[in-house]
Amino acid sequence: MSEVLGPQQRGMTIPSQAITSSFPLDSPSAVLGAPKVQVSHLAKAYGDNLVLRDVSLEVPSGSVTAMIGPSGAGKSTLLRCMNLLERPDAGTIQIGEHLIDVAKGIAPKNLAALRRSTGMVFQTFNLFPHMTVLRNISLPQQRVLGRSSSEADEISHRLLSRMGLHDKAGQYPNRCSGGQQQRIAIARALALDPEVMLFDEPTSALDPEVGAEVLDVMKELASEGMTMVVVTHEMSFAANVSDQLVVMAEGRIIERGDPKDIMRNPQHERTRKFLHAVMER
Amino acid sequence: MNVEILFAVLTGLPLTILITLTALGIGTLLAIPLLFGLRSTNRTVWFISRCFVDICRGIPPIVWLFVLFFGVSVGSARLSAFAAGVIGLGLVASGYLAEIFRGAVKAVHAGQWEAAHALGFPATSTWSQVIGPQVLRTALPGFTTYAIALLKDSSIVSILGVAEMVFTTSQLARSSDLGIFVYAVAAAVYIGLSVPLGVLSRSLDVKLRKAVA
Ligand SMILES: Nc1ncnc2c1ncn2[C@@H]1O[C@H](COP(=O)(O)OP(=O)(O)O)[C@@H](O)[C@H]1O
Ligand SMILES: [Mg+2]
């Protein structure tokens, strides 16, 4: 755990003080640094099931937000609303320059812009099984950004080398281990130069040792100043890498602030119970 | 002697193959818009597609053939026996193939759609690059099974007087004293066509599976 860099050591542009002082929950403008992600009054229901209830959250540029909470709390739904994989019922979402107000409808152009500015990494990797690793990373660049195939391949090779996977370029994903597949999925998302990376339990489907490979890549990404939102049960990642910890339960953000403060001294009974359960494992 | 019988039976083979391929082509071409219709969120589009598929599949091929051959006329021109045959078989095929394709699309893991959407793929690329190739792979066994069935069902067109393989065979049976033997030869030809088709499809399926899944 000691090799993990804390946010203070990462040369961040935003003082971590600004992030930890972001309470109260209902005034997101309390944060000083320029927010990269700003979600306001988001609501989402599946039938009678209120999955998100008036959720507001902001993520300062270049910072890492870890999201924890019991299963069914709405973490995935919140993350998936940020790139409109799920359509919220109400609220606004701002990513960088792109603002979506659900009440005003979502124009296809704005949807595309929002998707382009976010990269997403799934628990189940979701690589395209019928394409080589190289094509998995190059094709989106060609189709979404209009890069030439040689330019895209060059970028893909560079990313694969960075992930320590340059020898996998010609393989099909099913020939790669889970940890390798997840790193390929991260490379695929990074190749599109996103402003924000969204991770939904990226290591939950992996053995701990293999998960560590993926977490290392994510730490490196964080240290390079990528804005990240990470749903995770990896408490050491949440404690040591994230700048902001968000605790969700029953569709609400029940606690939010400095990760170590919350872990040491949770304010909410629900948080205490959850942390207790996670630490027990 | 036996070789002569074989050749006599085989004179109908080109038409059998032509009917099968044409009906399969018509069926596939119709099945693709039907697939999108069956997946449509527009209730009217969905309902029309659903009815079309159920009517195509629900009416026996022989009824289609009679309806099209005796019932359809444009001015004084009627459909030829061949046209009525391939259109009738094509319509039935379109209903079945649309369902085969729909099942194959449903079998594509939801994560594939999500990945394509999250990456910001335009809808055309999502279909042509991500979903389509996986659908083809999944639909292949069902498609070949249907093609083999159609190869045999194409014999029904003989009832309208199209000289495909069963037609030539039954003529031969009537004009000679060989009786059931000619039919056995025809049966052997059908098996000689459908078994290799099945083997080919299965080996292609295994190859595709090995390469990807
Ligand atoms: N597509 C869906 N249809 C209906 N209910 C859903 C759907 N997705 C999620 N839910 C429900 O929303 C709630 C929150 O789910 P989720 O956001 O996945 O929680 P978490 O990621 O925190 O475990 C759960 O009760 C879940 O059953
Ligand atoms: Mg989840």
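How many residue pairs are in polar contact between chain B and chain A (both at pLDDT 80 or more)? The count is six, a polar contact being a pair of N or O atoms within 3.5 Å, where within protein one must be able to donate a hydrogen and the other to accept it, and residues adjacent in sequence count only if both atoms are side-chain atoms.

This is a predicted model, in which local features need pLDDT of at least 70 and side-chain atom pairs count only at pLDDT 80 or more, while totals for chains, interfaces and linings use all residues. Residues are numbered from 1 along each chain as its sequence is written, chains are lettered from A in the order in which they are written, and side-chain values use heavy atoms, without hydrogens and water.

**Interface of chains A and B**
- Contact (heavy atoms within 4.5 Å) links 23 residues of chain B with 24 residues of chain A.
- The two chains bury about 1,900 Å² between them, 59% of it on carbon and sulfur atoms; this is the accessible area (1.4 Å probe) lost on being put together, summed over both.

**Salt bridge**
- One salt bridge (a side-chain nitrogen of Lys or Arg within 4 Å of a carboxyl oxygen of Asp or Glu) is counted between the chains.
- A:R80 forms a salt bridge with B:E114, with the closest N and O atoms 3.0 Å apart.

**Residue A:S40**
- Beyond neighbours within four places in sequence, A:S40 is in contact with A:V55, A:S56, A:G91 and A:T92.
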